[in-house]
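User: I am new to reading protein models. Could you take me through one, feature by feature?

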Amino acid sequence: LRGTRQPLRQSVLWRRASTVFELPWRLDALAELRSRLSAACQDFPPEARDALTLAAAEAITNIVRHEQQPFADSRICCRISGTIKTVVVELIYAGNPYAPPADIGTNFSADSTGGFGLYLIRNSVDEVDYASVIAGINCVRLVKHAAPPATAEHA
């Protein structure tokens, strides 16, 4: 129906305040990432927050180690948002588009050539997306949902 307003799916009161910051293109930026995630997600269950932090740190590590820094003072833009039940971390950076392999395997022996970081990311968050926002600008988007609390019936 034209002109009929649909109710909001979620009240703005359920939305998590967005936090946006930049990190230097260096591995020592991981400490700041962990600190910012901890502060932005204080109310999130610790297990879910830790899993999301692990995935975000692995994603930053992959960007810094495997993507050539496009210019001397390149930064990685980070955005933390979501709702009280979900946290979304977006890592936006300049570089070549990346598409992870469909099957990363689980061979992490000394003979393996990599993939452990991708494995950790996929198994630490509920959703992971790699997108090229515009030519030369990419985004890794990580989504983590809070696990519902255990009830007496399910305990």
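Analyst: What follows goes from the chain as a whole to the sheet, the helices and a few single residues.

Analyst: This is a predicted model, in which local features need pLDDT of at least 70, side-chain atom pairs count only at pLDDT 80 or more, and totals for chains, interfaces and linings use all residues. Residues are numbered from 1 along each chain as its sequence is written, and side-chain values use heavy atoms, with hydrogens and water left out.

User: How many helices and strands does the protein chain have, and in what order do the elements run?

Analyst: Helices (H or I, at least four residues) and strands (E, at least two) are DSSP runs, numbered from the N terminus. Here the protein chain has 3 helices and 5 strands. Read from the N terminus, the order is β-α-α-β-β-α-β-β.

User: What share of the 155 residues is buried?

Analyst: Buried means under 20% relative accessible area, exposed means over 50%, and partly exposed is in between (1.4 Å probe, protein chains only). In this protein chain, 36% of the 155 residues are buried.

User: What do contacts say about the chain?

Analyst: A contact means heavy atoms within 4.5 Å. Among contacts between residues at least 6 apart in sequence, 64% join residues at least 24 apart.

User: How do I read the sheet, and what is the order of its strands?

Analyst: Two strands pair if DSSP finds at least two bridges between them. In this model 5 strands form an open sheet with the order 1-2-3-5-4 and antiparallel pairing. Strand 1 (15-24) and strand 4 (127-134) are the edge strands, each pairing on one side only. From one strand to the next, the twist averages 15°.

User: How many bridges join the strands?

Analyst: Strand 1 and strand 2 run antiparallel and are joined by 8 bridges; Arg16 stands opposite Gly82 in strand 2. Strand 2 (residues 75-83) and strand 3 are also antiparallel, with 6 bridges, and Ile80 has Val89 in strand 3 as its bridge partner. These two strands, strand 2 and strand 3, form a hairpin with 2 residues between them. Between strand 3 and strand 5 (residues 137-145), again antiparallel, there are 9 bridges. There Thr86 stands opposite His145 in strand 5.

User: Is strand 3 enclosed by the rest of the structure or open?

Analyst: Strand 3 is largely enclosed by the rest of the structure, because 8 of its 9 residues are buried.

User: Now the helices. How is a packed pair described?

Analyst: Two packed helices are described by the angle between their axes and the distance between the axes. Axes are lines fitted to C-alpha atoms, for helices over the stretch in contact, and angles run from 0 to 180 degrees between N-to-C directions. Helix 1 (residues 30-40) packs against helix 2 (residues 46-66) at about 150°, and their axes are 10 Å apart. That makes helix 1 roughly antiparallel to helix 2 (under 35 degrees counts as roughly parallel, over 145 as roughly antiparallel, 65 to 115 as roughly perpendicular and the rest as oblique).

User: Which residues of helix 1 and helix 2 meet?

Analyst: From helix 1, Leu30, Leu33, Arg34, Leu37 and Ser38 meet Arg49, Leu52, Thr53, Ala56, Ala57, Ile60 and Thr61 of helix 2. By class, this contact of helix 1 with helix 2 has 7 nonpolar, 3 polar and 2 charged residues (Ala, Val, Leu, Ile, Met, Phe, Trp, Tyr, Cys and Pro count as nonpolar, Asp, Glu, Lys and Arg as charged, and the others, Gly among them, as polar).

User: Which strands do helix 1 and helix 2 lie across?

Analyst: Helix 1 lies across strand 1, strand 2 and strand 3, at about 170° to strand 1. Helix 2 lies across strand 1, strand 2, strand 3 and strand 5, at about 165° to strand 5.

User: Is Glu90 buried or exposed?

Analyst: Glu90, in strand 3 (residues 86-94), counts as buried because its relative accessibility is 14%. Leaving aside neighbours within four places in sequence, Glu90 is in contact with Cys77, Cys78, Arg79, Cys139, Val140 and Arg141.

User: And what about Arg141 and Asn96?

Analyst: Arg141 is in strand 5 and counts as partly exposed, at 29% relative accessibility. Its C-alpha atom is 6.5 Å from that of Tyr130, 11 residues apart along the chain. Asn96 lies in the loop between strand 3 and helix 3 (116-124) and counts as exposed, at 52%. Leaving aside neighbours within four places in sequence, Asn96 is in contact with Glu67 and Asn138.
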